[in-house]
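Hi,

Here is the structure I promised to pass on. Have a look at it, and then read my notes below.

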Amino acid sequence: MAVDAADCELINKMLRRWAGWERVPEGVVSELCNIAELLEVKRKRSIFRRGEPGPGLFLVKSGEFKLSLISSEGREQILYLAEPGKLVGEGFLPRDVQCAASAFAMVDSEVWRFETEGVIKLVSKDEALAFALMRHMAFRANRLIDLVLDLSLRSVERRLASFLFTLAVRTGAEQGKPCVIPRQLDMNTVAARLGTVREEISRALNRMQRNGILSLSRQEIVVIDLAALERVTYE
């Protein structure tokens, strides 16, 4: 589905949220919009899969996607989640390079696809666009290195504490005041994101509840002691 003027305006607004994109000329972003294709993706359907040729660069319009790896035994490792406004760049590859991971919609979603050859032509004409995409790829590579560090050197409880601390800070948590974190992700998704299984997440949550750091219910997690939660991430 081709994009309209409203979509182009939204694409421009979303991209300019990220570092480096403020330097990209308006005309180049307009040309990027001209090669955009809007895809409607049903829940659990993919925009690309491991082992397939890269179909292009993606920008999430609505819904949410996960970049993940699935073992032959069916165990999943989520590399990251992409909500509206985030780029999914792992499919932006030369034709002879296969995707290393898969990207699935977690709910019914919409995503703009910028076909690889078209983006490459624009990159060859504009240094600022090349710089913005390079920054994105470098940031994603650094985040994946951090994930490897977490999985190899940090316990499940430390990884979970770090995950919850980040969510608490994003919701405006303050020291000395309880902070409510809605349970928007199911336990299996949290486990896949943190490189473990549901049972280990449950045990870690219960330990932190016994230690007075958290209070748990089916609908929410209440951070009672933010400082203690932060300390767990470094223990």
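First, how helix axes are handled: an axis is a line fitted to C-alpha atoms, for helices over the stretch in contact, and angles run from 0 to 180 degrees between N-to-C directions. Helices (H or I, at least four residues) and strands (E, at least two) are DSSP runs, numbered from the N terminus.

Keep in mind that this is a predicted model, where local features need pLDDT of at least 70, side-chain atom pairs count only at pLDDT 80 or more, and totals for chains, interfaces and linings use all residues. Residues are numbered from 1 along each chain as its sequence is written, and side-chain values use heavy atoms, with hydrogens and water left out.

Now the helices. The axes of α5 and α6 come within 10 Å and cross at roughly 110°. The two are therefore roughly perpendicular (65 to 115 degrees; under 35 is roughly parallel, over 145 roughly antiparallel, the rest oblique). On the α5 side, R159, L160 and F163 are in contact (heavy atoms within 4.5 Å) with V190, R193 and L194 of α6. Sorted by class, that contact has 4 nonpolar, no polar and 2 charged residues. Here Ala, Val, Leu, Ile, Met, Phe, Trp, Tyr, Cys and Pro count as nonpolar, Asp, Glu, Lys and Arg as charged, and the others, Gly among them, as polar.

Helix α5 (residues 156–170) also packs against helix α7 (residues 198–210), at an angle of about 75° and with the axes 9 Å apart. That makes α5 roughly perpendicular to α7. Their contact has 8 nonpolar, no polar and 3 charged residues.

Next, the pockets. A pocket is an open set of points on a 1 Å grid over the protein atoms alone, where a 1.4 Å probe fits, with protein on both sides within 12 Å along at least five of seven lines; lining residues have an atom within 4 Å of a point. The largest pocket holds about 1,300 Å³ of space. Its lining has 45 residues, with R143, F163, T166, R170 and R193 nearest the centre. α4 gives the largest share of that lining, 12 residues. By class, the lining of the largest pocket has 27 nonpolar, 5 polar and 13 charged residues.

What about the second largest pocket, and how much space lies in it? About 300 Å³. Of its 14 lining residues, R43, K66, M106, D186 and T189 are closest to the centre.

Cheers

How values were computed: Grid points are joined across faces, edges and corners, and a volume is the space filled by probe spheres set on the points.
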